[in-house]
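Hello,

Here is the structure for your files. My notes on it follow below.

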Amino acid sequence: MAAARLNRLLKLKPLLSSPSLRFSPIRRGLCAAALDSDADVRFPSGLDHKPSFSIRRDPKERNVQWVFLGCPGVGKGTYASRLSHLLGVPHIATGDLVREELSSSGPLSQQLAEIVNQGKLVSDEIIISLLSKRIENGEAKGESGFILDGFPRTIRQAEILEGVTDIDLVINLKLREDVLIQKCLGRRICSQCGGNYNIASIDIKGENGKPPICMAPLLPPPSCASKLITRADDTEEVVKKRLHIYNEMSQPVEDFYRQRGKLLEFDLPGGIPESWPKLLQALNLEDHDDKQSLAA
Ligand SMILES: Nc1ncnc2c1ncn2[C@@H]1O[C@H](COP(=O)(O)OP(=O)(O)O)[C@@H](O)[C@H]1O
């Protein structure tokens, strides 16, 4: 127990040690809340104070702070990215932060590769460290508001976030499991430009009261076609494991926000052309660029 506690403190200490004076409020808030939320954890000596700050701002004076929930492969990244362009807020995907870290030669990369490639969740401490760093770098560049994708994924992460800032809305994207698996297996990334594509062509007939579902593939332009790679965790075995972990660890997060009246459930009716206008309608938003491109 003591070793475990020490381990956690060692992991968290760099977050709270002297440079913390330069941390943005939201970063300090996340780190302090991460410590606070665990009864086993004590502040390291010399740091036994909770930073005094408030990062709750009147929603009228800041940009939106939204969260996307949903199983692997549901399309959180696609819709979060579209909304972030529309609303002018950063799209922050913790999965991307993890992949950036593991492709670097940083001290965590080996440890992260093993966890991610087995479909397991990275520890809350590591995720909060990566997220708080990302938020702080964004704030230094003048970013405000966010659309979070892939965070929170555990009740503890949800409690930590709730403890430091206000989330206005949580969009829960839903799709049947057989489609999720096909979509994960069809995902491709251009190794040069980082573009996301999907080669799966989904055409499932409606049965047992379930509606039919059609999703056209999202094919790459010719310039990317020969450079496509597949994520190491998008194999059938690992996708099934991730879905299992989602049901166990992340579904309770849906209840967490449902109880707080923040959850918007959204059943995807099909691919992007069918789903995007319906999502905008559900959010009472308009995408003028999309309308113009449809009219063209
Ligand atoms: N909030 C988080 N908590 C713990 N681990 C995370 C979190 N976000 C991302 N990860 C790690 O990064 C991996 C990839 O995440 P992501 O790209 O969001 O995948 P998915 O397509 O499964 O939603 C996850 O399987 C997990 O190992």
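**Sheet and ligand site**

Strand β1 (residues 65-69) and strand β3 (residues 146-149) run parallel and are joined by four bridges. Within this pair, Trp-66 stands opposite Ile-147 of β3. Strands here are DSSP E runs of at least two residues and helices are H or I runs of at least four, both numbered from the N terminus; two strands pair if DSSP finds at least two bridges between them.

The model is predicted, with pLDDT of at least 70 needed for local features and 80 or more for side-chain atom pairs, while totals for chains, interfaces and linings use all residues. Residues are numbered from 1 along each chain as its sequence is written, and side-chain values use heavy atoms, without hydrogens and water.

Both strands belong to an open, parallel sheet of five, ordered β2-β3-β1-β4-β10.

The ligand has 18 residues around it, of which Thr-94, Arg-99, Lys-120, Gly-150 and Arg-242 come nearest (near: a heavy atom within 4 Å). Helix α4 (residues 94-103) gives the most to this shell, with four residues.

Polar contacts are pairs of N or O atoms within 3.5 Å:

- A backbone N or O atom of Lys-120 is 2.6 Å from a ligand oxygen.
- A side-chain N or O atom of Gln-157 is 3.0 Å from a ligand nitrogen.
- A side-chain N or O atom of Arg-231 is 3.3 Å from a ligand oxygen.

Of the 550 Å² of accessible area that the ligand has on its own, the protein covers 96% (Shrake-Rupley method, 1.4 Å probe).

Regards

How values were computed
Polar contact = N/O pair within 3.5 Å; in protein donor to acceptor, adjacent residues only side chain to side chain.
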